[in-house]
Each structure stands twice: as C-alpha cells, then as structure tokens.
Amino acid sequence: MATSRPKHVVLFPFPAQGHFASFLAIARLLARELPDAAITLVSTPRNVAALRSSSSSAVPPQAPSSIGFHALPFVPADHGLPVGCESTSSLPVPSFVTLFEALESLQPAFDDYVSGLRRRQSGGDDDEAAPADICIVADVFVAWTVDVARRHGCAHAVFVSCGAFGTAILHALWNHMPALPFASDGSLLRLPEYPDVVLHRSQLSPIFLLHGDMSDRWTAFYRRAIRHGHRTDAVLANTVEEFESTGLAMMRRAAGNGKVPVWPIGPLVLSCSGNDDDDGSSTDDETGGGVLRWLDRHPPSSVLYISFGSQNSIQAKQMTELAAALETTGRPFVWAIRPPVGFDVVAGAFRDEWLPEGFEARARAGGRGLVVRGWAPQVRILAHAATGAFLSHCGWNSVLESLTHGVPILGWPLSAEQFYNARMLAEEWGVCAEVARGNLESSAVDRSKVAEAVETVMGDAVAAAAAMRRRVKEVQEVLKSAWRQDGGSSTAALHEFLRAMNLQ
C-alpha cells in the first residue's frame, strides 16, 4: 500500500501590515484543516520576528501550533533602503517600489530553501519528490516565487489581498500601460475588457498611472508581476463569492487568461479576541484602552470613526475641511490622525498647526471628539456598539473589518484599487457613500458635502441612513455565512483549493 508523503505549505507574504495579517489568518486556517502538514511563513529576519510574535500572541499557550517560520538573509542597505527597513511600515508610499524590487533579489535564497525542503522530504533525491508535496502560497507582490516552484516541481498559488473588483480593474489598467484608453476629452476612460465600467481620471492614482511609461519602475514591476501571476496554478482571494460575484467573474476572466482557477476564501479578518491591532503592538496600552473607555460613554451607533490607514494621509487643507465638517455635524467622532501628505506619515509627530486653531480642545472639552495621533485599535473600535460609521480610505482590510462588524462606510479613497472598492460598495450593495476622492493638491474637498454625507449615513431621521444600515446587516450576514462549516462558500472554496493542490 502506498504511503502518503508529508505535506508542506510555504507561505510568502509581502511585508506590509495588512498582508501579514491575512497570511497569518491563512496559516491558522491551514493549520486547522491540515493538522499533519507543516506550515511555514517565510520572510526577512525582522519580519519573521514580527510574524512569530503576532502568531504566538494569537494562539492560546495550551494550543500547540504547527506554524513554523524561516528567515531569508536580507540587508536593506544593499538595495538603497534605510537601515533596518524590511517592510512598508518604515517607508513612504512613493518608495514602495524600491522594496518591491529588493524582494526580487531574494529569489536565490528562497530557491535554496525550497531545494533543501525537497531533499529532506524526498530522502535526499530531489527528483523523487511528488510535485504536490510542497505548495507555495505567495503574495501577488512576490509572484516571482512561481519560478522557484516550477524549478522544483511544487504547486504554486498567488494570494490577492485586495477585493476582486478592484483587482480586476487594476490588472486591466496595468495591462494597458502606458497607453490608457481615455476618451477624446481626456477625463473618462472605458476598459475594453469591461465595457460597462467607465472610470474617471480622478480614480487613477498613484500618479504614474497617468504619466508612467514602460521605463517607469512601477510600471515595469507590475508588468513583471502580472506575467508571473499568469503562470501560477491557482489564485486565492480575500473576498466572498456571494459578496463579489461580479468582481470574481471579472477576475476569473483575467487570471491566466481564464485558465487559472480563483478561489475566494475571505473574509480574513482579525478577531477582537486576539491581537487585533494594525501594527503588532498591544491593544491594552494607554491609547487603546482610553479610546474604548471614551466610546463606552456614548450611545449605540452614535460615533463616527475616521482613519485613512497606516500608510497614507490627506493634504493639510483637506484636514481643515474635514475638521470643519465634523464641527458642523456636531456628531461624536474618533479620528486616528497622521501627518498630512508631504510630511513623514510613518514616523512624524503631528503638529497642532495642521488642524484648525482650537479644534481639538473644543472637541475634547465637549466630550464630542477624540483625536488619536497615530495608532488606534481599529478592530475593537469597529466592534464597539457606539460606532455608527467609518470614514475610510477603503483599503480592503478596512472594508472587511467594517462590514463584518456591521458598520457602514463613508468612502474617501486615496490610491490604487481603493477607488474601485468604494464604487463597488456603493453601486452593488449600497453600504458606502463617497465623501471625497484622492489626496493630490488638485483633489477638492467641500466641507458642506462631507457634512451632508455624514448625515446621509448616520442621521436618525434620514431614510437613506436607515436603508444603508439594513443593507450593511445583510452584507454582514453574507460575510459571516461564508465560513459556515455546513456549506459556507469560503469553507467550500478552501477545501476545493486544498484538493486541487493535492494537500487534502
């Protein structure tokens, strides 16, 4: 009788906070579904230390984990990165491309690692190991790992941490670079792949989508990533079949030119019972605890939570308009704030001059507003009964965190696929109202329109607000049902993926 070979799943995330969170969630799912398999997260030394810490804090001490870690050698200075910089947390957004390129240099070290796994699993002869003994699941930004998989006969899958609709639109845009199909007026473009989707120039950011060419580093990197992605065996997506049926149909047409299967295994959202913060720090610190105690003093669904993510921000003049809108509405708010665009968003200290004079003091004195400088316990805030809406940049992790907790969204997309996330949420589900768009110097923000949108989503006597709250509850149930063990669509998709990769 043939003996089944041991299984090993190697997970390679892109080093950014949201991507790490998703890959840790995948690792825990696999450890549950494949108790006899080895699960290994691979990254650079500092990132492995952070992943190990996050993993151990989320697993009860009495629960042994089969999740392992492997660090690939990496010297940031060799690639023009700051000393100690191994993730996006210490880089401004325009410099991300340097990290993308630096990670490509890890291919020889990763190849050596996989080769070593092969020799150990095959008893020393690399040619004797069956192709499905090792499955590599890589972030879309490290899709070059498919070259290593092909050399060693491993199964390979790409994980997409964004939504399906946004991913499909971005994929099409990069495929058309640098000649985007604008109409004659130069403001609208219609993608030939998706003729029903019309985009406005204001929905294209970063700016190299408008001004890049084939020699542009960002364009060149994305084109390489797309080529690698077409060669993978499968695509995993952090979304839900019933939630993004249109977007998933678009993704399936694009993935490997329609030949690569796409399995949605979302929502991969951190739980409030574990380490739910964005950066791996404790949720029990003074700031986090203070925010939650402040929320405890407010009625249900009365507080507006505001955050533009951990990597981006808005212009100083846009902050002024937003602050004025908040004072106009008089609604309670928690604003996780970072320095404006043009300053060090990652590490810079926030200056009082970036907000209207006396704004913070007035809000604090009336118990009406809380300005949190830097990190805030986002998942706990969204889970709190007092939170009634989320003014968000519409990054996909934030979208899923909001909707899984039944919180409607005020969309202020800033970059990449965030514009298309906001569009899908508004048009297909009616759970988002866009209040502004972009953070360029030319991005206009009108305080009266922002205030009006807040009332449209949060107003007690506004019919539109009541309808949106009902739709959010419907979406919340769709997302929750996806992981039912008795027929949930994400549960079924995960099992189909494991069988296709010969892991189950």
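Me: How far is the sulfur of Cys135 from the closest cysteine sulfur?
Reply: This is a predicted model. In it the gap is 8.5 Å, to the sulfur of Cys154, which is too far for a bond.

Me: And which cysteine sulfur is closest to Cys154?
Reply: That of Cys135, at 8.5 Å, again too far for a bond. A disulfide would need the two sulfur atoms within 2.5 Å.

Me: Is Cys135 buried or exposed?
Reply: Cys135 is buried, with a relative accessible area of 0%. Cys154 also counts as buried, at 4% relative accessibility.

Me: Switching to the core. Which residues touch the most other members of the largest nonpolar core?
Reply: Phe110, Leu173, Phe243 and Trp335, out of the 119 residues in that core.

Me: Which helix gives the largest share of this core?
Reply: Helix H6, residues 164-176, which supplies eight residues.

Me: Where does the core lie relative to domain 1 and domain 2?
Reply: Between them, because both give residues to it. Domain 1 covers 7-270 + 483-501, and domain 2 covers 285-480.

Me: What is Trp335 in contact with, leaving aside neighbours within four places in sequence?
Reply: The list is Ile306, Phe308, Met319, Leu322, Ala323, Leu326, Leu355, Phe359, Leu370, Val371 and Val372.

Me: Now Gln315. Where does that one lie?
Reply: In the loop between strand E10 (303-307) and helix H11 (316-329).

Me: Buried or exposed, for Gln315?
Reply: Gln315 counts as buried, at 9% relative accessibility.

Me: What lies 2.9 Å from a polar atom of the Gln315 side chain?
Reply: The backbone oxygen of Asn439. Asn439 is also among the residues that Gln315 touches beyond four places in sequence, along with Pro340, Val341, Leu440 and Glu441.

Me: On to H18. How many residues has it, and what is its reach?
Reply: H18 (residues 489-500) has 12 residues and reaches 16 Å from its first C-alpha to its last. That is close to the 16 Å expected at 1.5 Å a residue.

Me: Which residues in H18 are buried?
Reply: Ser489, Ser490, Thr491, Ala493, Leu494, His495, Phe497 and Leu498.

Me: Which other residue has a positive phi although it is not a glycine?
Reply: Ala416, at about 50 degrees. Ala416 sits in the loop between strand E14 (409-411) and helix H15 (418-429), and counts as partly exposed at 22% relative accessibility.

Me: Last one, the peptide bond from Gly266 to Pro267. Cis or trans?
Reply: Cis, with omega near 0 degrees. Pro267 is in the loop between E9 and helix H10 (286-296).

How values were computed. Residues are numbered from 1 along each chain as its sequence is written. This is a predicted model: local features need pLDDT of at least 70, side-chain atom pairs count only at pLDDT 80 or more; totals for chains, interfaces and linings use all residues. Side-chain values use heavy atoms; hydrogens and water are left out. A nonpolar core is a set of buried Ala, Val, Leu, Ile, Met, Phe, Trp, Tyr and Cys residues joined through side-chain atoms within 4.5 Å. Buried means under 20% relative accessible area, exposed over 50%, partly exposed in between (1.4 Å probe, protein chains only). Helices (H or I, at least four residues) and strands (E, at least two) are DSSP runs, numbered from the N terminus. Domain bounds come from an automatic or database domain assignment. Contact means heavy atoms within 4.5 Å. A polar contact is a pair of N or O atoms within 3.5 Å; within protein, one must be able to donate a hydrogen and the other to accept it, and residues adjacent in sequence count only if both atoms are side-chain atoms. The expected span of a helix is 1.5 Å times one less than its number of residues.
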